[in-house]
Amino acid sequence: MIEWEETETGVRAFDRTKTGVTIGAPDWESGDGAKTIDRPIDESVSGRASRLSFPPSLVNITDVETGKQYKHGNDTEPLELSTGEYLANIHGNVKTYLRFSGPAKIYKTDDFETLIVDFHERVPITFGFRSHHEVPVDTITVPPTVEGVATAISYAASSHKTTGPDRSYPTLRGHPPRFEVGEELHIPDPVREEKKDSGIEMRIPDDLASAFVTAPLAYYLQADVHVEERDSPMLSVPEANFTYHFSSLPSYQTEVADMFRRVFFLDCLVRNAGPHSWDLTELSLLDELDIDATATYEATPGEQFVEYDLLNFERIDDELPEWHLAMYVEPSVENISALPYLLANLSAVYLPKSTPLERDELLDVSLGDFYRDGPYRDGPRVPKAAAGGSYRASETVSSVERVKPELQQGQVHGWLADGVPIDVFKTDVTAYENRFKYFDRSNGDIDVTLILNDEMMGDEHEDVAEIYMERSEELPIDVTVREHLSRAELAETLESPCDFVHYIGHCEESGLRCTDGNLSVSSIEESNVQTFFLNACGSYHEGMELVRKGSVAGAVTFNKVLNKQAGKVGVSFARLLINGFSIQRALQIARRRIMMNKDYAVVGDGTHQLAQCDNFFPVVGKLTRMEDATFRLSCNSMTERLPGGYYQPYLKNDNLGYLAGNDAVFSLDPDELISHLRHAEIPIVFDGELYWSAELVSFLD
């Protein structure tokens, strides 16, 4: 669902996740006469304007009459369109289509901060908006049997808007229907009608573990899943007389995940033979394979799969991204309802396995991460925060027995099972459903509440408040600062609608410390706080209770944490989160700045984003000074919510796109680097320390 409003300078559109696009049009005049936009849209707006300005975006333009296509990315030269009817597809946080009559001039400002569409005079135009964030429309009732789950998985892909390689585009995959466990199978009529016949079948043994692990590949391939008396799963394409036999569990889980990755990324390359292409750096990888991309694109889904199986994928394997999200899920009846949300993110599903974690081993892995990626990796200097200082608790804190998970391939890892592992976000089925209650709030502003319940922590409080205030100049963020709350006041804050609460204070076994005692989250009726950071000692149990009471996700601690280290994590986390990083990514990056980084974790849906990113995909850079006085800049986009997209770092003379999740690597001289940093607005690791690009300009200039 999209809402829109006229502003003093143009038009703003936003969806239920408070993600939006602001379009500048100083002489905007709304009116009738809407032009046809032959694309899936949620809302259209018509009017007149002579000049439009957008955030920096990639643009595909189609001549409506001839079908000829034009593209504008990092082009330094303007794109001049002659008289004609055009439809522009503008890639951004909200999918935006623009229907207009030419001529027109399309260009980016010299600093790459703005995309301009100049019509030279006021002309009639129509906007079409579509949200990238979709919600399940229908509900499948699933009997608590393997057969019931298999049937539900077979119908989950009814939400796909297409078949074949184009299904790799995130905008062409809708959200799967909800799964609700019940006595009898029920498939809603719209779901039956939208189901596509891909010609691919998967046959699995009669056990829930096989069904859960099979779900992601079957969903993506739009395959029919059948349960049989067999020892190991099998995939078949009857039209091609093709069968593929997998090993039995546990080996099956890695085999099916590898196949999923293979098919997905081959789709990402082959789809460029279709109408929605872009010049990707990775397209050259097709030259390494014996494949006719055009013929494969036009083949049936079953024929495409067989063609992919015949390719020597290992030739290009290392040049493609690591899988974005690995979920470790207990195959239980209780977790059946979580499957659609894992499928929507194209998560790989593995069976949870862990081992006890000894204290010395925990210290070793924490220090290993710190010295490898942290601010002191080039020398064993002890940071000041580790040398002393007070803790964020004066009494005992709740202990958490952590375990070491057996992790598979993945950039981000989530745990939907018993136990509390390190290096993953610990989620709960309720976290996924909780997300939708926050979509119903009509106000497009992001409400942030910063709570200081101990004056000894004022430095973090001031720095974080400044970060939120600065970001509110770019996004509609409403910041409230509160101090020294009582139990009743803190309970009221947690029960009141709010998008993010950042609590700075103490946590003890009996709850979060207030001016008149401690508040246990179990005592509140309901949490209406969408996301949170409980930056206090041993806040894990209180954070998990917030998720069970209604929150989506938040950051917590497992143990006592030093004030200075907690402040360093808190400030970095706040800035990353408010600039569009998911909660898990934000904490992964922020906690690497301290020695005992394993003391911080995420509870709930770690893929959840609080705010939109100006670059559509959040990007983190890594900068290395080379011996020849040049710099090597590596950029990587974070993709756990929209896998299959592509991005383009704004560097002059580079008009290629990169698959989201892959590194874009550049060699820059000092002047080129400074020019890029002035407008990049991304976090960058340099000499082991985390900077934001503007800070790095001051450091290097």
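Tutor: Gladly! Let us start with one term: a nonpolar core is a set of buried Ala, Val, Leu, Ile, Met, Phe, Trp, Tyr and Cys residues joined through side-chain atoms within 4.5 Å. Please keep in mind that this is a predicted model.

Student: How many residues are in the largest nonpolar core, and which have the most contacts inside it?

Tutor: The general idea is that in soluble globular proteins, nonpolar side chains tend to be buried together. Here the largest core holds 135 residues, and Leu221, Leu235, Phe305 and Phe573 have the most contacts inside it. Helix H4 (residues 251-270) supplies the largest share of this core, with 12 residues. There is also a second, separate core of 31 residues, with Phe54, Tyr70, Leu115 and Phe127 among them.

Student: What does Leu235 touch, leaving aside its neighbours within four places in sequence?

Tutor: The contacts of Leu235 include Ile200, Met202, Leu217, Leu221, Phe242, Tyr244, Phe246, Met259 and Phe305.

Student: How do I describe the way H4 and helix H6 are placed?

Tutor: Two packed helices are described by the angle between their axes and the distance between the axes. For H4 and H6 (residues 301-310), the axes come within 11 Å and cross at roughly 105 degrees. Angles of 65 to 115 degrees count as roughly perpendicular, so that is how H4 and H6 stand to each other. Where they meet, H4 brings Met259, Arg262, Val263, Leu266, Asp267 and Val270, while H6 brings Phe305, Tyr308, Asp309 and Leu310.

Student: Next, sheets. In what order do the strands S15, S16, S17 and S18 lie?

Tutor: Strands of a sheet pair through backbone hydrogen bonds, either parallel or antiparallel. These 4 strands form an open sheet with mixed pairing, and the order is S16-S15-S17-S18. Strand S16 (224-227) and strand S18 (242-245) are the edge strands, each pairing on one side only. From one strand to the next, the twist averages 20 degrees.

Student: How many bridges join S17 to S18?

Tutor: Strand S17 (residues 234-237) is joined to S18 by 4 bridges, and the two run antiparallel. If you look at Val237, you will find Phe242 of S18 opposite. Helix H1 (residues 146-156) touches strand S15 (201-204) and S16, and its direction makes about 170 degrees with that of S16. Helix H3 (residues 208-221) touches S15, S16 and S17, and the direction of H3 makes about 180 degrees with that of S15.

Student: What is the strand order in the sheet with S21, S22 and S24?

Tutor: That open sheet has 3 strands in the order S21-S22-S24, again with mixed pairing. Strand S21 (354-356) and strand S24 (420-421) are at the edges with a single partner strand each, so one side of each has no neighbour in the sheet. Strand S22 (residues 402-405) pairs with S24 in the parallel sense over 2 bridges, and Val403 has Pro421 in S24 as its bridge partner.

Student: Is strand S6 enclosed or open, and why?

Tutor: Strand S6 (residues 59-63) is largely enclosed by the rest of the structure, because 5 of its 5 residues are buried. Val59, Ile61 and Asp63 cover one side, Asn60 and Thr62 the other, and all of these are buried. S6 runs antiparallel to strand S7 (residues 69-72), joined by 4 bridges, with Ile61 opposite Tyr70. The two form a hairpin with 5 residues between them, and Gly67 in the turn has a positive phi of about 80 degrees. S6 also pairs with strand S9 (residues 85-90) in the antiparallel sense, over 5 bridges, and there Asp63 stands opposite Tyr86.

Conventions: Residues are numbered from 1 along each chain as its sequence is written. This is a predicted model: local features need pLDDT of at least 70, side-chain atom pairs count only at pLDDT 80 or more; totals for chains, interfaces and linings use all residues. Side-chain values use heavy atoms; hydrogens and water are left out. Two strands pair if DSSP finds at least two bridges between them. Axes are lines fitted to C-alpha atoms, for helices over the stretch in contact, and angles run from 0 to 180 degrees between N-to-C directions. Contact means heavy atoms within 4.5 Å. Buried means under 20% relative accessible area, exposed over 50%, partly exposed in between (1.4 Å probe, protein chains only). Angles under 35 degrees count as roughly parallel, over 145 as roughly antiparallel, 65 to 115 as roughly perpendicular and the rest as oblique.
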